[in-house]
Amino acid sequence: MPESPSVAVEVTDLVKRYGTRPAVAGASFTAAAGQVTAVLGPNGAGKTSTVECCEGLRKPDGGTVRVLGRDPLRDGGWLRPRVGVMLQGGGMPGAARAADVLQLAAAMYRRPRDPGELIAALDLGAQLRTPIRRLSGGQQQRLALAVALIGRPLVAFLDEPTAGLDPQARIVVHDLIRELRSTGVAVVLTTHLLDEAERLADQVVLMAGGRVVAAGSPQELTGGGGATLSFDAVAGVELTALAVQLPAGITVTEIRPGRYVVGSHSPQAQLSPADVAAVTAWCARLGMMPEGLTLGRRSLEDVFLEIAAREHPAAVAVR
Amino acid sequence: MILEPTAHPAPTEAAAPVAQRVLAQARFDARSMLRNGEQLMLTVILPLLVLVGLSRSSVVDLGDGPRIQLAAPGVLALALISTSFTGQAIATGFDRRAGLLRLLGTTPLGRTGLIAGRVGAVLAVQLIQIVLLGTAGVLLGWRPDSAGIVPALLVGVLGTAAFVSLGLLLAGTLRAEAVLAAANLIWVLLLAGGGVVLAADRLGPVGPVVQWLPSGALGDGLRSSLSSGTWPWLDLAVLLAWAVIGTAATVRWFRWD
């Protein structure tokens, strides 16, 4: 990771509405050159609308978007040769052959990447003469990625680049994204796969309901790798009695019905053996068996569910 | 997997020259049209059948004079409409649904380059149509007036502009399946009573209306220029007006997604 990564994408207070329904309601984040920034969130969180504003495909209703310091709408002519885009669903013409589409894309740039090299990297060599509609979903995805990268972009916006890929193809795409990062490209990808974001991203932007609910490196978001305690029990247990016994900075959350996580939200607080004892003693008092009691690291999924539980009015979350 | 480092800033001009971009798009679109069986049926096979049918039978009254002299310009008009309107609208409608229009809008081609390339492809396919159908017409005895070639070319260009803009309007406002149905239906209606192969003055009571349609102006314009070598000023004006209206409406209502 570079010492002081230069900002390639800067989104500030972005608002995008469709009719009266806000898809993005004041989102802000930055993405740096030489880093993978994952915009993460459930379906309908506003991820695609956000990147489409960055790509110049949609006009923001509020806030500003800057890509390489420029306005995607006003400076589209300058930005388009420098920005690679992979749309959700690919956007590929069904009747055309894979090789023709890649060649067409290459012809748009003065110094394109060698199509053969990308084809080899993405393992598409056997499908070049096949009409796109007869390619598998995964092959279409990889072709769309090749089209996004053929012009040697400085910024790559990849909307769900691994959707519909089998595990092997996912590894191929992940490797390609890591190589992009190592050559200084700012990669902005959307995903709803938490493990993908955790494995691939330098920065994670967590979106829910059109807003950025958390942002940072996966390590920062998961509390610096501190321990968490999780267990299953009956849903909807009153948590106040436990919460008051836990030290400051340690919280207990029912992240989904019947699933409880005890952990720290700040680097200052660490889960201690005494906290584990407090949890098990609390369970004992209630005559409740903590099924699947596990001491482990908090995953991005735990963070996400905790945040979702906090955001949701019906969520049971204490402190 | 070897990717050469690209950490250096992009060259000042990272995009290919605009002519190269538009030509690449035009070549791609033209090849797509020529590879597509249904499109070929519409752009070449059906006009050829209409040409042979009209010149060899006397089922339909084309008007005074040798039948081939009236049939050939009308069939050329029909073929130009097939490519610039029906074929182009259907292709654009499905490309729009697939997301290709949005995707190409993010490449250096941009939206104007995309339209320019598509128009280039239409013109290229039309050139092939003119050569094929013109040759067939001459073999069937057609003798176009050489003085009418220039006005006929102008009629063809303005007619193409009008029909491309109307085709884009259709493709950019309706669902792909609706574009398919509407574009084909309109083609059949224009063939039957749009003043394309049958002169407007042969259409009875609807004739005075039809001559103000782009189809009637295109058909009549080609017939009068290629048959008698005259400049069809009224038809040219009508086509120009439709091109302006169609382009303005397309700019106003075309949706890329």
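Student: Let's start with chain A. How many helices and strands does chain A have?
Tutor: Keep in mind that this is a predicted model. Chain A has 11 helices and 14 strands.

Student: Okay, and what does its C-alpha trace span along the principal axes?
Tutor: The C-alpha trace of chain A spans about 70 × 40 × 40 Å along those axes.

Student: How much of chain A is buried?
Tutor: Of the 319 residues in chain A, 47% are buried. As for contacts, take those in chain A with a separation of 6 or more: residues 24 or more positions apart account for 71% of them.

Student: Now the nonpolar cores. How many residues are in the largest one?
Tutor: The largest nonpolar core has 152 residues. Among those with the most contacts inside this core are A:Val101, A:Leu143 and B:Ile81. Helix H3 of chain B, residues 67-98, gives the largest share of this core, with 16 residues.

Student: What does A:Val101 touch?
Tutor: Leaving out residues up to four places away in sequence, A:Val101 touches A:Met92, A:Pro93, A:Ala96, A:Ile132, A:Leu143 and A:Val147. There is also a second, separate core of 14 residues, which includes A:Ile250, A:Val252, A:Val279 and A:Trp282.

Student: Switching topic: how many residues of chain A are in contact with chain B?
Tutor: 36 residues of chain A are in contact with 31 residues of chain B. On the side of chain A that touches chain B, helices H2 (76-79), H3 (98-106), H4 (115-121) and H6 (167-182) of chain A each supply at least two residues.

Student: And how do the residues on that side of chain A divide into nonpolar, polar and charged?
Tutor: There are 17 nonpolar, 9 polar and 10 charged residues on the side of chain A that touches chain B.

Student: Last one: H10 in chain B. How far does H10 reach?
Tutor: Helix H10 of chain B covers residues 233-253, so 21 residues, and reaches 30 Å from its first C-alpha to its last, close to the 30 Å expected at 1.5 Å a residue.

Student: Which residues of H10(B) are buried?
Tutor: They are B:Asp235, B:Val238, B:Leu239, B:Trp242, B:Ala243, B:Gly246 and B:Thr250.

Conventions:
Residues are numbered from 1 along each chain as its sequence is written. Chains are lettered from A and ligands numbered from 1 in the order in which they are written. This is a predicted model: local features need pLDDT of at least 70, side-chain atom pairs count only at pLDDT 80 or more; totals for chains, interfaces and linings use all residues. Helices (H or I, at least four residues) and strands (E, at least two) are DSSP runs, numbered from the N terminus. A residue is buried if 20 or more other C-beta atoms lie within 10 Å of its own, exposed if 12 or fewer, and partly exposed in between; C-beta atoms are placed from the backbone. A nonpolar core is a set of buried Ala, Val, Leu, Ile, Met, Phe, Trp, Tyr and Cys residues joined through C-beta atoms within 7 Å. Two residues are in contact if their C-beta atoms, placed from the backbone, lie within 7 Å. Ala, Val, Leu, Ile, Met, Phe, Trp, Tyr, Cys and Pro count as nonpolar, Asp, Glu, Lys and Arg as charged, and the others, Gly among them, as polar.
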